[in-house]
Amino acid sequence: MRPTLARLASSAAASSPLRPQAMALLPPIPLYRRLLRAHRKHLPPEMRLLGDEYIKAEFRAHRQVENPMHLIGFLTEWQLYAQKIEGDAWVGDKIDQGKLAKMSDEQIAQLYELMQSIKNRGTEDPEA
């Protein structure tokens, strides 16, 4: 019998070694809705567009994942992200060095491109 995301999410809170505090892990659909709602309430429009598209793409890409540990990690990280957005703790926050060390070269290149586009956002010609 294949484990479902909802069953994994409900059972992960008690046995998750990913977080020292016991935290109820939301199932995928309510978490997805919470993320989009948090973007709508707490982000400026240009950041919201980028964030919403990214969330949609990530949840679509992980729809068919069957590894329970991968799913629990995925849902846990997105839930922590939602808590940061809702609490405005993300402003000026830097990426954790442990997470950066685990990234592939392609992911680091994508982060660099994102950083460059954000830096160049204010200097570009508004008519372009």
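Author: We may; please keep in mind that this is a predicted model. The second largest pocket holds about 240 Å³ of space.

Reader: Which elements give two or more residues to the lining of the second largest pocket?

Author: The second largest pocket is lined by 12 residues. Nearest its centre lie Pro28, Ile29, Phe59, Arg60 and Arg63. The elements that give two or more residues to this lining are helix 2 (28–42), helix 3 and helix 4.

Reader: How much space lies in the largest pocket, and which residues are the closest to its centre?

Author: The largest pocket has about 2600 Å³ of space. Its lining comprises 46 residues, and helix 3 (45–61), helix 4 (68–87), helix 5 (97–102) and helix 6 (105–120) each give two or more of them. By class, this lining has 23 nonpolar, 11 polar and 12 charged residues. The closest to the centre are Tyr54, Tyr81, Ile95, Met103 and Leu111.

Reader: How many salt bridges does the structure hold?

Author: Side chains of opposite charge can pair when their charged atoms come close. A salt bridge is counted here when the nitrogen and the oxygen lie within 4 Å. The number of salt bridges in the structure is three.

Reader: Is Arg34, which meets Glu86 in a salt bridge, buried or exposed?

Author: The side chains of Arg34 and Glu86 meet at 2.7 Å, N to O. The pair links distant parts of the chain, 52 residues apart, with Arg34 in helix 2 and Glu86 in helix 4. Glu86 is partly exposed at 33% relative accessibility. Buried means under 20%, and Arg34 has 17%, so Arg34 is buried.

Reader: How does Asp52 count by relative accessibility, buried or exposed?

Author: Asp52 forms a salt bridge with Arg48 at 3.3 Å, N to O. Both lie in helix 3, four residues apart, about one turn of the helix. Arg48 is partly exposed at 30%, whereas Asp52, at 10%, counts as buried.

Reader: Which parts does the salt bridge of Lys99 and Glu77 tie together?

Author: The closest N and O atoms of Lys99 and Glu77 are 2.7 Å apart. Lys99 is partly exposed at 40% relative accessible area, and Glu77 is partly exposed at 39%. The pair ties together parts that are 22 residues apart in sequence, because Lys99 lies in helix 5 and Glu77 in helix 4.

Conventions:
Residues numbered from 1 in each chain as written. Predicted model: local features only at pLDDT ≥ 70, side-chain atom pairs only at ≥ 80, totals over all residues. Heavy atoms only, no water. 1 Å grid on protein atoms, 1.4 Å probe; cavity = no way out; pocket = protein on both sides within 12 Å on 5 of 7 lines; lining within 4 Å. Points joined across faces, edges and corners; volume = space filled by probe spheres on them. Nonpolar A, V, L, I, M, F, W, Y, C, P; charged D, E, K, R; others polar. Buried < 20%, exposed > 50% of the residue type's maximum accessible area, 1.4 Å probe, protein only.
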